[in-house]
Amino acid sequence: MNPPDPASPRPARPPAPSGGIGALIPFDPLRLALAVWRGKSWVAATALLLAGSLGAFGWLKFGTSYGTAVQLIRRELPNSFRAIEVGEAFKPRQLSVATIVSIMRSPSLLARVGSQAKPRISGSALLGSLVITPEKNTDLITVSLQSNRGVSGTAELINLFGQEVVNLTRTLQQQEAAELDQFLRGQLAKANTEFAQINQDILNFSKETGFFSADKEIEAYLRELSEAEARLQTGKLEAETVRFRIAGLERELARQNPALLRLGAARDQLQTLLVRYTEANPLVIEQEAKLTALEHEAAVSTNAVADFQPGANTVANAMFVDLVGLKSQREALARQVKPLEERRDVAQAKLQGLPDKSMRYAQLKARQTSLETTRSLLAGRQREAQLFAEDSPGYYRLFAPATNADVEVHSKSRKTIMVTVVGLVLGAVLSLVGLCVREAMDVRISSPGDIRRVTGAPLLASLGDLAALDERALALWRFRTWSALFRALGDPDRRSLIVGVMSAEPGEGRSTWIRLIAEAAVERDLRTLVITNQAPTPASNLFIQPLADALKDPSQVTQWLEASHAARVVLSCPADWTWGNAERARWIDALAVWRALPRLALLVEMPPASRLEALLLAETLPQFLWLSRSDVTGQDEVKAVIATLRTGESRLAGALGNFIPPVFEKLPDLGRFGLMLALGYGLSQCFPMQAGEPAATNAFLSATGHGPHLAPWQEHLTLGAGDQVNLSIFGRKDLTRADIAIGPDGRISYLQAAGVMARGLTIDELRDQLSHELERYYRNARVIVTPAAFRSKKYFLLGTVVDRGAFALDRPTTIIEAVARARGIATGLLEQNTVEIADLPRAFLVRDGKRMPVDFVKLFQQGDLSQNVQLEPDDYMYFPSSVLNEAYVLGSVHSPGTVGVNAGTTVIGVITTRGGFLESAFRQRVLVVRGSLNKPETFIVNVADVLRGKAPDFALLPKDIVYVSDRPWSRVEDLLDLATKAFITTAVSTWAGGNIGPLITRPLLPSIR
């Protein structure tokens, strides 16, 4: 393949399109907007269909719901049932709010309310429609209800529930009072029996002894003893009542044995653990051991009350509080009984001094009085308990029953409207997403934005449906198109335009575009040379010739073009024309002849890009345009061709669009506004290419000559010693471990998975290995492994850089990034100037024991980013120092000696550094000796030619010897100078001796005789 003439001028680079090619997004958002606009009927239909479906479903499924609420208030128990004046009145124990709420949620209460409701409702359904909320710092409990029973039905159901709660609390009071009533009846029967017996004993004693009265002292003693006995019996009765109530509470509390409760909770917790873990998990083993200990504790536990600890069981907590209060009351009664017994004993001691009959009678009377008081007390207490059992007020009462006016109505139509609106919005969103997804999956080139993004070149012109344009509109289009093309691609000095037109496939309109551009050139009074596959129609001032004949004799075409300023020459070639090596060689020669003409428009219809010869022909043209027809070629296909063209010497100067829908001409380019950022696609796949140049991109914030790709070590990134990972199990935040480092032995430990080999594994492989190890201890153990820090992959940078050492390869890094990370190349003083002291020509990069073909001089001094390769693990980069690189300057210079050598040191530079040439220096032959002393290599440098610009300067290497010799005829020059001086001295002496005496008597300048 013959490359184009490098000396031939090329047009200036066309400007990038507005918005910046480098900022284009990976998809033309204008296509999405148009897809939505075109599919607006589908959007409306889908939205209405889904809205109608959901509305119909809501109308059939939903019903009108009703909501209301009532409040229960705690009832303070009055002493209105007091039957006697002696002792404390009977008062049932109070229940806590938590106990009442637990009772309200009990299945038995809910089932009873549901069975009484009309229509009936299950207890679970009733509980689901109730919301029970205790009011803080008050005695109120709010109960809310949502149902579909209508206004009156909802009010009746909530009132029924509240009344049943009140009835249940009343029943609890009645049960407690009935138990006490039964106990007091037994005590009263026993007291009546004893009282009847004491009366009989008094009667028998009177009959037997005839003793019927006693004096006042005995009567006083008897009254005192009777009073003491009565109070003592009252205290004992109250103590017995308290003991009875304590025994009842202890029986109830025994059923709430803390050991049994803990045992049940432990069993539930074990079942919960077995859902997540296996039997081998330490947590399961620990829980089983705990369960065994609790079973043993429950087996040996006999005193549930002594072992009770307040916990979450609200009923047990309330019982325990009541039990503590009754025990305190029992202790207080016990302290009250002891003084009463002492008082009784004192009264009995006083009666000991009375006569036997009097003392005996006094004892009987005291006993009679005591039993009478006890009987009265028991009868009163029994009547109080009986009254509570017959008509208990309950612990709570309805604060305000619900009425029909309190019921809030949530109509069926309102719910249906809400569901319909949701369906309308959801249908519109789904249809919009579907249209956008369908358009995004269409990989064909459709819009101007697609052409700009795929080709990476500015869109210079576009054409819609040619049949829709009249002659005037077509003439205006030709004028605008030629102006845009010439402004971007033309040669202003010669008023010429040389360009080719290429497309991906046949049938995209290349011949039509060539014809239209040629007509625009003729209208501009330009010479037009067209190479096309389409046979032209003969016309005046039109010369037609086969391309093969024109390539053999380019001068004939030149003559035709020079015949008139508006001459038009068409070189036709068949569609199957093959551009072989011979044809391309003749084409290059002919192109060199034709392009010399001023005011020339040379238009070439290039073969489709699917043919390899089109790519070869593109390199022979100074520039070419890419033509894409809307909705014909795929984006990936065009990208591949463009990438291939850019790797060669082809220059893609711009793009053309054919059959572009007119709507694209009316709407702005949304790609420049970054709309896709709002849609979440990002800019990760952008192609920031400048027109006419190969793309220089790097996804890792550094410029390279390579496209973004992953090296083999990045595609299979493995872990190593020093790397850190975050580990967790899905759904178990409590098992998260952060920044776990892989040890020097390459192993890692997590929970029960100890010593798992992680070195050499990828993230996915390590996750699978840990999941496999933990499956023995956790059910469905799905380990999540996220990298925290990569420190095992390193590269090494030594030599003349500011920060030398080993660096972690924790991100894709290029040579420039590595040097920048090391704070750049070190500097030093050289000839009183600050210079970089790295010897770039001798710098190298070693990978896997081999030197990589990297030219550091081109990279750092010429900006050749193709040398900016990405580093890999264990790469070694070395920058040798140029401080010890010296050259020796000897001979005819003012200051012979050594000179430091760097990449740009030349012969002229070192001679100038050492003071320059002496006058006797032989500048035409400066000797440079290179290499060892055993096998030296010599070079002759003509410094005079270098100074005159006739030859390039000679670049030196370290250890070179520069020798400047004297001119070969310098001895002859010295002898001539010496002879001339001697002659002049002799002549002057002779003249002075002949014309000047001791006393000057003649003119100062006499003639020599």
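A search of the whole structure, which is a predicted model, finds 3 cavities of 30 Å³ or more. This briefing considers the second largest cavity, which holds about 50 Å³ of space, and then strand S11, which spans residues 600–605. Glu605 belongs to both topics, as a lining residue of the cavity and as a buried residue of S11.

**The second largest cavity**

- The lining of the second largest cavity includes Asn533, Cys573, Pro574, Ala575, Trp577 and Trp579.
- Also among its lining residues are Glu605, Met606, Pro607 and Arg611.
- By residue class, this lining consists of 7 nonpolar, 1 polar and 2 charged residues.

**Burial of strand S11**

- Strand S11 is mostly covered, with 6 of its 6 residues buried.
- On one side of the strand, Leu600, Leu602 and Val604 are buried.

**Strands paired with S11**

- Strand S7, formed by residues 497–503, pairs with S11 in the parallel sense over 5 bridges.
- Within this part of the structure, Ile498 has Leu602 of S11 as its bridge partner.
- Strand S8, formed by residues 527–532, also runs parallel to S11 and is joined to it by 5 bridges.
- Val530 has Leu603 of S11 as its bridge partner.

Definitions and conventions:
Residues numbered from 1 in each chain as written. Predicted model: local features only at pLDDT ≥ 70, side-chain atom pairs only at ≥ 80, totals over all residues. Heavy atoms only, no water. 1 Å grid on protein atoms, 1.4 Å probe; cavity = no way out; pocket = protein on both sides within 12 Å on 5 of 7 lines; lining within 4 Å. Points joined across faces, edges and corners; volume = space filled by probe spheres on them. Nonpolar A, V, L, I, M, F, W, Y, C, P; charged D, E, K, R; others polar. Buried < 20%, exposed > 50% of the residue type's maximum accessible area, 1.4 Å probe, protein only. Helix = DSSP H or I, 4+ residues; strand = E, 2+ residues; numbered from the N terminus. Pairing = 2+ DSSP bridges.
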